[in-house]
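Subject: Structure handover

Hello,

Here is the structure I said I would pass on. My notes follow below it.

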Amino acid sequence: MMTTRYETPMRYWLLLTWVGALFWLHPALSQPRPTDFIRELWYKNGVIYNLDVKVFNDSNGDGIGDFNGLTAKLDYLKDLGVTVIWLAPFQPSPGEDDGYDVSDFLGIDKRLGTTRDFQNFMQQAKRRGFRVMMDLVVNHTSNQHPWFQQARKSKSSPFRSWYVWSEKRPRDADKGMVFPGVQKETWSYDSLAGEYFFHRFYRFQPDLNAQNAAVQAEVRKAIRHWLALGLDGFRLDAVPFFIEVPGTNIEKPEHQFDLMYWLRQYAQWRKGDVGLLGEINVEPGENKQYFGENGQGLHMLFNFYVNQFLFYSLASGEVKTLLEALEKTKELPATAQWAHFLRNHDEIDLARLSNRQREAVFARMGPDKNMQLYDRGIRRRLAPMLSNPQQLRMVYSLLFSLPGTPVLRYGEEIGMGDDLRLKERFSIRTPMQWSSARNGGFSTAAKTLRPAISGNEYGYQRVNVAAQRKDSASLLNHIRHLIRLRGQYPEISRGEWRLLESDSPHVLALAYEGTGRTLVTLLNFSDKPQTARFKLAGKTIRTVFAEGSARQKGSADLSGLEMPAYGYRWIQVQP
């Protein structure tokens, strides 16, 4: 029989109720200051930069990146213009899933440095004005975690119910895999336990039973621990699986949304302006359950839905389905925010596209089987996928003009490539390329954790930070300018937006209403010139950004605007 346990932490809820009543009853405590609202919505104006300490910068020459190396590169990130640093898992781990198989939620991988090194990084980051987030992976643990090792030993172990077990192999054990084609089952037999354990991911990552009150207490402990060390928020891994009710339909499980709301309340109780970003890849109609009503859910979600149709538009050159995806994800609670990205640390997931649409993306961006993954996605970096430099610049112009918070993956700002010799998603997790020096300037070691890309079109000898800093026309400087330009138009993240009819199936046009002005961003997804037409006559018009020159300005006639192949333009319209 399957073993689960659900206990409501009643004392915790009573405490929260008491604290809430105190703030409600006392005007001096409950009255917000004018700056509080802005401070607490920092994630809306942010630009998030995701990096993995292990492959970012090695300070001691052992071939593995570390916190001292990251600290040394904070000025680079400041100059780039990003405001939020999102750290991939850095806790102790056997490393079978690149750190997402955590074996100690409160520790630091000793290869990456000491607690003092981490504290110094946090101190230096704060001095430069950065917010710092980290991955919180609480859906599962490593099978080497002491909790699981204790759970295996005996049915009477108090840790047994921290995981999900079955005496017999469930009939649906070969369904619901997160990694189809690589992963064969979601239930695996443990010879010491004498039972089957549940795992949505790899078999070395047993799922925690989040409905167990003791597990909930450990999650609270982890949140409390890292917030006390200065963290500003968490990127929550695999949220739908964390709140999944064990024993329900594996393909359409029930979800205990209260667990997520409880996590939000606890984190915000510990730190009033905490930010929670959820990895949640669901249909648009399900998003509001994760955002919650009246601000009870997560602050941000990745917009996987728009991302998938974005790649179809890049492959087809037409924007119709992308426009529909933007409209379907438009409605949000007032304090909620979408996080938009081009590439993340995983494969490009195309599962929500039709078979025809997905095959079109494969044909254009990942035609070889070795470029594809899990029967649904592509495991390449963005620059080699697009191959056209102008198209690459256009899509970054889109990223920084989408309604939400942009997220950059390390190395994307210089157009890094991929190493398809590495297995699965490791192909896009190679060392950062800082210079043309050995190992791309990442490390002086003879052998690094993963080999730096070398020798080809995307090798560190040609693609690196040092070279692009010197080139005013480089991708790095293009993105630096876009980040600063976006900062001048806070209406992108805070204002009302609408889609404009462009009179072309290839041109996407977004309009943002600001204070006394409207910003219109235009993007041509076609490899041929297009003419865009708009109904904004009688206005004062100024082009503030366009292809060819970041400083291009002047008037533009919106009754017939000529857009070059993969052209982009930001236009400010005033009364």
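Among contacts in the chain between residues at least 6 apart in sequence, what percentage join residues at least 24 apart? The figure is 69%. Please keep in mind that this is a predicted model.

**The chain as a whole**

The chain holds 19 helices and 21 strands. Its radius of gyration is 24 Å, close to the 25 Å that the globule rule gives for 575 residues, so the chain is as compact as a globular protein of that length. Along the principal axes, the C-alpha trace spans about 75 × 65 × 50 Å. Of the 575 residues, 60% count as buried. The accessible surface comes to about 23,700 Å², and carbon and sulfur atoms account for 50% of that surface. As for charge, there are 74 positive and 62 negative side chains. The centres of these two sets lie 4 Å apart.

Helix α4 covers residues 67–72 and includes Thr71. Asn68 lies in helix α4 too. Is Thr71 buried or exposed? Thr71 has a relative accessible area of 13%, and because the cut-off for buried is under 20%, Thr71 counts as buried. Asn68, at 34% relative accessibility, counts as partly exposed.

The side chain of Thr71 has a polar atom 2.8 Å from the backbone oxygen of Phe67. Leaving aside neighbours within four places in sequence, Thr71 is in contact with Asn120, Phe121 and Gln124. With the neighbours within four places again left out, Asn68 is in contact with Ser59 and Asp117. For a sense of distance, take Asn68 and Arg171: they are 103 residues apart in sequence, and their C-alpha atoms are 50 Å apart in space.

**Two buried residues in strands**

Phe234 lies in strand β7, which runs over residues 233–236. Its relative accessible area is 0%, and Phe234 is buried. Which residues does Phe234 contact, leaving aside its neighbours within four places in sequence? They are Met133, Met134, Leu136, Ile223, Trp226, Leu227, Gly275, Leu276 and Leu277. Phe234 and Thr518 are 284 residues apart in sequence, with 34 Å between their C-alpha atoms.

Leu522 is in strand β17, residues 518–524. At 0% relative accessibility, Leu522 counts as buried. Leaving aside neighbours within four places in sequence, the contacts of Leu522 include Leu508, Ala509, Phe534, Leu561 and Met563. Gly567, Tyr568, Arg569 and Ile571 are also in contact with Leu522. From Leu522 to Pro89 the separation is 433 residues in sequence and 37 Å in space, C-alpha to C-alpha.

Gln372 is found in strand β12. At 16% relative accessibility, Gln372 counts as buried. A polar atom of the Gln372 side chain lies 2.8 Å from the backbone oxygen of Gly366. Not counting residues up to four places away in sequence, Gln372 touches Phe362, Gly366, Pro367, Gly377, Ile378 and Arg379. The C-alpha atoms of Gln372 and Gln468 are separated by 30 Å, and the two residues are 96 apart along the chain.

Where is Asp375 found? Asp375 is in the loop between β12 (372–373) and β13 (377–378). Asp375 is exposed, with a relative accessible area of 65%. Although Asp375 is not a glycine, it has a positive phi of about 60°.

**Another positive phi**

Ser387 also has a positive phi, of about 65°, and is not a glycine. Ser387 is found in the loop between α15 (382–386) and α16 (389–399). Is Ser387 buried or exposed? At 52% relative accessibility, Ser387 counts as exposed, because the cut-off for exposed is over 50%.

**Where to start**

When you open the model, you could begin with Thr71 and Asn68 in helix α4. After that, look at Phe234 in strand β7 and Leu522 in strand β17.

Regards

How values were computed
Residues numbered from 1 in each chain as written. Predicted model: local features only at pLDDT ≥ 70, side-chain atom pairs only at ≥ 80, totals over all residues. Heavy atoms only, no water. Helix = DSSP H or I, 4+ residues; strand = E, 2+ residues; numbered from the N terminus. Rg over C-alpha atoms; globule rule 2.2 N^0.38 Å. Buried < 20%, exposed > 50% of the residue type's maximum accessible area, 1.4 Å probe, protein only. Contact = heavy atoms within 4.5 Å. Areas by Shrake-Rupley, 256 points an atom, 1.4 Å probe, with all protein chains shown as cover. Lys, Arg positive; Asp, Glu negative; His and termini not counted. Charge placed at Lys NZ, Arg CZ, Asp CG, Glu CD. Polar contact = N/O pair within 3.5 Å; in protein donor to acceptor, adjacent residues only side chain to side chain.
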